[in-house]
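This briefing accompanies the sequence and the three-dimensional structure shown below. Please read it with both at hand.

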Amino acid sequence: MIARMSTLFVRTLRESPADAEVASHKLLVRAGYIRRAAPGIYSWLPLGLRVLGKVEGIIREEMAAIGSQEVHFPALLPREPYEATGRWTEYGDGIFRLEDRKGADYLLGPTHEEMFTLLVKDLYGSYKDLPLAIYQIQTKYRDEARPRAGLLRGREFIMKDSYSFDYTDEGLEAAYQAHRAAYVKVFDRLGFEYVVVKATSGAMGGSASEEFLAVSEAGEDTFVRSPGGYAANVEAVTTLAPEPISYEGVPAAHAEDTPDTPTIQTLVDHLNEAYPREDRPWEAGDTLKNVLLTLRHPDGTVEPLAVGVPGDRDVDIKRLEGQLEPIEVEPMDDVELKKHPELVKGYIGPQALGEESASGIRYLVDPRVVTGTRWVTGANVEGKHVIDLVAGRDFTPDGTIEAAEVREGDPAPDGSGPLTLARGIEMGHVFQLGRKYADALGLQVLDENGKLVTVTMGSYGVGVTRAVAAVAEGTLDDIGLAWPRNVAPYDIHLVATGKDAAIFEAAEKLAGELEAAGVDVLYDDRPKVSPGVKFKDAELIGVPTIVTVGKGLVEGKIEVKDRKSGEKTEVALDDVVAHLI
Ligand code: ATP
Ligand code: MG
Ligand code: MG
Ligand code: MG
């Protein structure tokens with residue numbers, strides 16, 4: 001198809017909207033994709049609708065590929081189903097409620113678990129009907145406390161929500177994995193950087209849950225990731241490790257933190273000398289139990305670091321020397337230890353010497369313990385809080401900490417390296433809901449034995465309008481939007497410059513040929529607009545390829561420019577269609 005700038009319903013703006021904080025919001029308004037109607041509520045102009053349509057198209061194709069069928073629910077919903085699941089109340093101020101003329105309560109749907117559950121209950125009654133996956137692409141309403149960043153957090157927004165229905169846990173797991181895989185394809189096709197992170201299921205209820213986050217400073221979610229591939233929303237990090245603490249003044253040789261550092265070797269040497277093993281020498285990685293290790297600070301203060309007893313052998317080590325201040329201590333068990341709260345912070349239980357290792361009771365020790373940098377992970381045996389006094393953070397019984405307390409450098413819970421923190425935009429969210437909604441609304445089917453069983457569900461959402469903003473945010477540059485090809489409103493932005501009728505004729509002909517070749521063209525045919533303005537508009541609008549028919553035409557040359565890289569190529573007029581398709 002061909003759209004013409006002379007008639008396209010668009011006005012590009014030089015000024016950014018006053019309320020815009022993030023670049024994608026500014027540019028989507030300036031380039032004429034959306035207009036604000038009310039806080040967090042936007043109207044879509046032709047350019048914006050085309051991008052939205054592309055995103056929806058990609059989602060529809062990937063949903064069809066896993067056999068999910070499209071349906072469509074109303075946005076205006078009765079109170080009763082949401083009352084039955086408790087969400088009418090739980091949502092608090094988060095939803096829009098309204099009354100009809102008879103005084104009956106309604107809400108504008110924030111998400112549709114209840115309605116899908118009831119629809120399936122309406123129509124299906126046997127295990128033979130399952131599995132089922134159905135979805136919709138539909139407008140949602142949430143009275144967000146802080147609508148912001150344009151489409152990123154709207155009060156009216158479009159979501160793709162799918163739901164899976166199974167009667168076995170294995171069925172749910174398979175449906176979840178199929179949706180997860182489909183989402184990977186969707187986000188790969190959208191063409192920007194994203195991560196899949198472990199998530200909490202929050203108000204939705206249910207167990208397994210992951211989020212797809214666009215990596216972006218403009219995001220409101222914080223996530224952690226490790227070099228070894230661990231990634232989680234900070235709300236869902238399940239292990240705590242305080243930051244390593246450096247002891248100023250500790251000799252450099254002792255500040256190393258690998259198992260084969262001089263300090264570990266010092267300890268190994270010391271053990272071999274003072275407490276030789278009968279079977280073989282001590283080596284890094286051996287287990288120590290119930291020994292009190294202490295660190296002598298340069299200022300002379302002594303700090304307990306670890307309590308344990310050496311090894312598989314029942315040797316009673318009482319003294320350690322060198323960097324480790326010798327302290328006499330009787331072997332203590334866990335129960336005893338609780339009477340010594342001053343030692344708890346240093347207690348690391350059965351531990352691997354020179355190696356980070358998890359014991360049965362989830363105490364870990366890191367070689368840094370004896371090198372002057374301490375690092376303690378986990379909770380105590382009885383499920384009591386262990387407080388790192390040093391870092392000032394609370395360990396909860398399951399080893400988690402407050403989301404806000406996770407710090408750069410904390411080790412990943414799966415041992416895959418130190419965590420780094422980054423910001424992300426939640427683009428999609430997959431949940432195993434389990435039987436919560438089916439229970440609340442009585443969705444049961446007869447199984448193979450004629451017994452009634454409760455259906456187990458999954459719920460899978462993608463923020464469609466948010467995706468438009470997130471893709472924009474992840475791809476834009478200083479001069480404007482720069483869409484990835486898969487979601488760009490048009491394939492080619494064709495610019496005719498100058499006043500020469502021959503140029504406009506050639507451009508018109510080229511537009512027609514491109515259209516015939518299946519290419520969508522935005523043709524800047526405006527006769528009285530300067531080349532400078534046309535180029536600025538093209539850069540702002542962000543179609544991936546800008547083709548200029550101008551002065552070069554007399555030599556039969558057309559300029560082809562890549563919007564993203566800025567790279568320009570001269571192409572012969574006769575070759576240009578072949579070059580572009
Ligand atoms: P957020 O944490 O950003 O508030 P959410 O966890 O409340 O999102 P879900 O209930 O998981 O959102 O909804 C599924 C998807 O809908 C989200 O992953 C997100 O992409 C999109 N979404 C949610 N709220 C909004 C909103 N206010 N504006 C635009 N998209 C939204
Ligand atoms: Mg929310
Ligand atoms: Mg969320
Ligand atoms: Mg979510």
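Helices and strands are DSSP runs numbered from the N terminus, a helix (H or I) having at least four residues and a strand (E) at least two. The model is predicted: local features need pLDDT of at least 70 and side-chain atom pairs count only at pLDDT 80 or more, while totals for chains, interfaces and linings use all residues. Residues are numbered from 1 along each chain as its sequence is written, and chains are lettered from A and ligands numbered from 1 in the order in which they are written.

**Surroundings of ligand 1**

- Strand β25 gives four residues to the shell around ligand 1, the largest share.
- The shell has 15 residues, and the closest are F157, H429, G461, G463 and R466; a residue is near a molecule if its C-beta atom, placed from the backbone, lies within 6 Å of it.
- Two or more residues of the shell come from each of β9 (156–166), β25 (420–434), β28 (456–463) and α11 (464–475).
- By residue class, the shell holds three nonpolar, seven polar and five charged residues. Ala, Val, Leu, Ile, Met, Phe, Trp, Tyr, Cys and Pro count as nonpolar, Asp, Glu, Lys and Arg as charged, and the others, Gly among them, as polar.

**Nonpolar core**

- The largest nonpolar core contains 113 residues, of which V55, M427 and L494 touch the most other members. Such a core is a set of buried Ala, Val, Leu, Ile, Met, Phe, Trp, Tyr and Cys residues joined through C-beta atoms within 7 Å.
- Helix α6 (residues 169–190) supplies eight residues, the largest share of this core.
- Leaving aside residues up to four places away in sequence, M427 touches F187, Y194, F212, L213, A214, V462, G463, R466, A467 and A470. Contact here requires C-beta atoms, placed from the backbone, within 7 Å.
- Among these contacts of M427 are G463 and R466, which also belong to the closest residues around ligand 1.

- Seven of the eight residues of α1 (residues 23–30) are buried. A residue is buried if 20 or more other C-beta atoms lie within 10 Å of its own, exposed if 12 or fewer, and partly exposed in between, with C-beta atoms placed from the backbone.
- A23, S24, H25, L27, L28, V29 and R30 are the buried residues of α1.
- The cover over the buried residues of α1 includes β2 (34–38), α2 (46–65), α11 and α13 (531–541).
- G32 follows α1 and has a positive phi, near 80 degrees.
- In α13, the buried residues are K534, D537, A538, E539 and I541.
- The elements that cover the buried residues of α13 include α2, β29 (492–496), β30 (521–524) and β31 (545–549).

**A three-stranded sheet**

- An open sheet of three strands runs in the order β5-β7-β6, with antiparallel pairing. Two strands pair if DSSP finds at least two bridges between them.
- Its edge strands, β5 (76–78) and β6 (96–99), each pair on one side only.
- β5 and β7 (residues 105–108) are joined in the antiparallel sense over three bridges; P78 is opposite Y106, and L76 is opposite L108.
- Four bridges link β6 and β7, again in the antiparallel sense, and L98 has Y106 in β7 as its bridge partner.
- Five residues separate β6 and β7 in a hairpin, and G103 in the turn has a positive phi of about 90 degrees.

**Individual residues**

- The peptide bond from L130 to P131 is cis, with omega near 5 degrees. P131 sits in the loop between α5 (113–123) and β8 (132–141).
- A149 is not a glycine, yet has a positive phi of about 55 degrees; its place is the loop between β8 and β9.
- A149 counts as buried because 25 C-beta neighbours lie inside 10 Å.
- S43, in strand β3 (residues 41–44), counts as exposed because 11 C-beta neighbours lie inside 10 Å.
- S43 touches I34, R35 and A37, not counting residues up to four places away in sequence.
- From S43 to A517 the separation is 474 residues in sequence and 32 Å in space, C-alpha to C-alpha.

How values were computed:
Contact = placed C-beta atoms within 7 Å.
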